[in-house]
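Colleague: I would like to learn how to read helices and cores in a model. Can we work through one together?

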Amino acid sequence: MKSTLIRSALLAAIFSVAAGAAHAGKLSIAATPTPHAEVLEFIKPTLAQQGVDLDIKVFTDYIQPNQQVFEKNIDANYFQHKPYLDSFNKDHGTDLISVALVHVEPFGGYSSKIKSLSELRDGATIALPNDPSNGGRALVLLQQQGLIKLKDPSNILATARDVVENPKKLKFRELEAATLARVLPDVDLALINTNYALEAGLNPLEDALFLEDKDSPYANLVAVRPENASNPDVVKLVETLQTPEVKAFLLEKYKGAVVPAF
C-alpha cells in the first residue's frame, strides 16, 4: 500500500511538472533594435508572469526577419508596416499576416548640410530607401513638401520614374534603408525610417527637416505565419503590446518620435 501511494505521488508530481512546462511556452520574435526590441524588452517581464518566455532575436535588416518567420525558424516578427509586408509577400512568395498594430514611426527627411528646405540647391542628391514601399513613402513625403510631383500621389509603390515634375532637378539615390543615416555626409538630403534614425543617434523631433504627421498609415505591426495567429502565446503577446502601460512607455521614452497606433 505504501509503495502504491509513493508511486501515485511521484506520478502526480511528474504530471504536474509536465503541465507546468506545457503552460510556460517559449515564443521567439524577430525585431530591429530601436524601438522594436526595446519595446519587447519592456514587456518581457509581464509575459513571463503569464507563462510566456519571450526570446527576442535582433536583426538590423528588413529581409531576414520575414524570411526567418516564413521558414519557421522564428515564431513572429515586429519591425515593419503593412505596405512593406504586402510588398515582401508579393516579391518573395510568402504569406505572412499582421495580427496587431503597435506604433507609428513618422518618416523624416534629414541633412547634415542644410538647416531648412529653402537651402536645398538645384541638382541636389536625395537618398531614398531602395525597398518599394518605403521608397514610395519617401517620394510621397517629398511631394508633400512641394519638392516634386508624382503621377499618382496615392501610389505607395511609386518610384523615381513616377516623378512628373522635378523643378529643382533633384537626383535620387536608392540605398538600403539601414545605410541611409551613414550616408548623410555624402548626400544633400536622406529620407530615413525612424528606427534607423534613432539607432544613429538622431532625434526625429529635433533633427529632421520634416516629418510625416501622426496620421501616417504606416503603423508598425506584429507579423506571423497564418497558422500561428491563434497561438495562445501570440495572443498574449498582442494583448500585452496593446496595453496602457506600453502606450505610456512609448510616449515617455520616445517623446513623440514613436506614436502608439492602438
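Predicted model: local features only at pLDDT ≥ 70, side-chain atom pairs only at ≥ 80, totals over all residues.

Modeller: Start with helix length. At 1.5 Å a residue, the 17 residues of helix H2 (residues 33–49) should span 24 Å. The end C-alpha atoms of H2 are 24 Å apart, so the two agree.

Colleague: Where does H2 bend, and by about how much?

Modeller: H2 bends at isoleucine 43, by about 40°. Proline 45 follows within four residues. After H2 comes glycine 51, with a positive phi near 85°.

Colleague: Which residues of H2 are buried?

Modeller: The general idea comes before the case. In soluble globular proteins, nonpolar side chains tend to be buried together. In H2, the buried residues are Thr34, Pro35, His36, Ala37, Val39, Leu40, Ile43 and Leu47.

Colleague: Which members of the largest nonpolar core touch the most others?

Modeller: That core has 27 residues, and Ile29, Leu40, Ile43, Leu54, Val222, Leu237 and Leu241 touch the most other members. H2 gives the most to this core, with five residues. Leaving aside neighbours within four places in sequence, isoleucine 29 contacts residues including Leu40, Leu54, Ile56, Tyr78 and Leu237.

Colleague: At what angle do helix H4 and helix H5 pack?

Modeller: Helix H4 (residues 82–92) and helix H5 (residues 132–144) pack at about 140°, with axes 8 Å apart. Over 145 degrees would count as roughly antiparallel, so H4 is oblique to H5. Pro83, Tyr84, Ser87 and Asp91 of H4 make the contact with Pro132, Ser133 and Asn134 of H5.

Methods: Residues numbered from 1 in each chain as written. Heavy atoms only, no water. Helix = DSSP H or I, 4+ residues; strand = E, 2+ residues; numbered from the N terminus. Expected span 1.5 Å × (residues − 1). Bend = angle between axes of the 7 residues up to and from the residue. Buried < 20%, exposed > 50% of the residue type's maximum accessible area, 1.4 Å probe, protein only. Core = buried A, V, L, I, M, F, W, Y, C linked by side-chain atoms within 4.5 Å. Contact = heavy atoms within 4.5 Å. Axes fitted to C-alpha atoms, helices over the stretch in contact; angles between N-to-C directions. Parallel < 35°, antiparallel > 145°, perpendicular 65-115°, else oblique.
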